[in-house]
Amino acid sequence: MWLEGSDGSQSPAVVRGLPTGRRLNGSRVLSPLGRAVTEEWVDWHRNYDSDPTLRERLRTVQARLREALDRLPAGPVRLVSACAGDGRDVLGALDGHPRAGDVRALLVELSPDLVAAGRAQALGQGLRGVEFRQGDASDSSVYAGAVPADIVLLCGIFGNVSDADVRRAIREVRSLCAPSATVIWTRGRFAPDLTPTIRSWFAREGYEELSFVTVPRSTKAVGANRLLSDPPPFRPGVRLFTFLPKEERPSSRSETPRRNSRAPTPAARTRRGAGASSPNPRRSTVPRLRR
Ligand SMILES: C[S@@+](CC[C@H](N)C(=O)[O-])C[C@H]1O[C@@H](n2cnc3c(N)ncnc32)[C@H](O)[C@@H]1O
């Protein structure tokens, strides 16, 4: 069920914007460079196997998602997830949930391997309402037809974009929201901790805070906010955020446990950026989903 993933090439050090080629039937064709970028993220997903705090973050996201489903009235539920990875948060939350059959979900992810893995998993769970779309989650156009959404996931994004883009995403994502939509988001609290500011930005944009949970023994944090103000109409073609080159990402300051138990040398730290996730040159398969 799980597909063969990366081929061992290293992630490029600096890539700005989205390295895609032409479009075919609405899906993006990745350039060799784009393919290498997405391989970095296939590798990132392996941290779910080695990092218990990342799994705790996952459980927290899933709990917030189930609570959001529990709050919604009977009938269809629309959900969108930006930069969805292999969708284990959504798929795990829906597994056995009484509202799973009501959910029409669009999960947008750049990596073809992660999309393929997520599709296979959704199929295996019999979740016919879950669609994975390979595309650019930072362009609002990709959500056309799937919004306004009752639940929006922005997980694994805020640590990889500029502070200004976090602000922009919080503002612009309202146009993906249905009235009273729940937005679930993550961000590390590594210094300088932006989460107090992020929470104030949500408040300023008319969201109430449902919860803000920190993961013990880590900097990880999960927020859930509900939009109380009237959502603006959906507008295609709006840029929601832009992933930064790896060295410039705030998440490069975080504490990502290493698969190799030996401490990194100072030189290795400098090459990778201190505490940044470490690409493993010996890649094999997309990691198995754990719920
Ligand atoms: C930190 S991971 C988070 C994955 C997932 N949301 C989770 O929390 O497990 C970031 C993901 O964003 C994806 N990504 C990065 N830029 C993207 C873009 N412009 N459009 C779609 N996906 C993107 C990466 O491929 C990667 O899977």
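Two strands are said to pair if DSSP finds at least two bridges between them, and the strands themselves, at least two residues of E, are DSSP runs numbered from the N terminus, as are the helices, which are runs of H or I of at least four residues. With that in hand, select strand β7, residues 177-186, together with β9: five bridges join the two, and they run antiparallel.

Some ground rules apply before going further. Residues are numbered from 1 along each chain as its sequence is written. The model is predicted, so to speak of local features a pLDDT of at least 70 is needed, side-chain atom pairs count only at pLDDT 80 or more, and totals for chains, interfaces and linings use all residues.

**The whole chain**

Colour the protein by pLDDT, the predictor's confidence in each residue on a scale from 0 to 100; the average is 82, and 75% of the residues score at least 70. Over residues 256-286 the pLDDT is below 50, and it stays under 50 over residues 1-27 as well. Where pLDDT is low, the predicted coordinates should not be read in detail. The protein has eight helices and nine strands, and of its 291 residues 42% count as buried, a residue being buried if 20 or more other C-beta atoms lie within 10 Å of its own, exposed if 12 or fewer, and partly exposed in between, with C-beta atoms placed from the backbone.

**Strand β9 and its partners**

Now select residues 221-227, strand β9, where six of the seven residues are buried. β8 and β9 form a hairpin with six residues between them, and in the turn Arg217 has a positive phi of about 60°. Which residue of β9 is the bridge partner of Glu209? It is Asn225, and Asn225 in β9 also stands opposite Val183.

**Strands β4 and β5**

Move to β5, where Val130, Phe132 and Gln134 make up the covered face, while Glu131 and Arg133 make up the uncovered one. Five bridges join β5 to β4 in a parallel arrangement, and the bridge partner of Ala105 in β5 is Val130.

**Pro148**

Pro148 counts as partly exposed because it has 18 C-beta neighbours inside 10 Å. Display Ser175 too: Pro148 and Ser175 are 27 residues apart in sequence, yet 7.4 Å apart in space, C-alpha to C-alpha. Neighbours within four places in sequence aside, Pro148 is in contact with Arg78, Leu176, Cys177, Ala178, Pro231 and Phe234, where contact requires that the C-beta atoms, placed from the backbone, lie within 7 Å.

**Helix α6**

Next select residues 163-172, helix α6, whose buried residues are Asp165, Val166, Ala169 and Ile170. Seen down the axis of α6, these buried residues fall within an arc of 140°, so they line one face of the helix; the arc is that of the directions from the helix axis to the C-beta atoms. An α-helix has 3.6 residues a turn, so residues three or four places apart point the same way. To see what covers the buried residues of α6, show β6 and α7 (195-204), which are among the covering elements.

**Around the ligand**

Finish at the ligand, around which there are 19 residues, with Trp41, Cys83, Gly85, Ala137 and Gly156 coming nearest; a residue is near a molecule or strand if its C-beta atom, placed from the backbone, lies within 6 Å of it. The elements that give two or more residues to this shell are α1 (32-45) and β4 (103-109), and the largest share, three residues, comes from α1.

How values were computed: Two residues are in contact if their C-beta atoms, placed from the backbone, lie within 7 Å.
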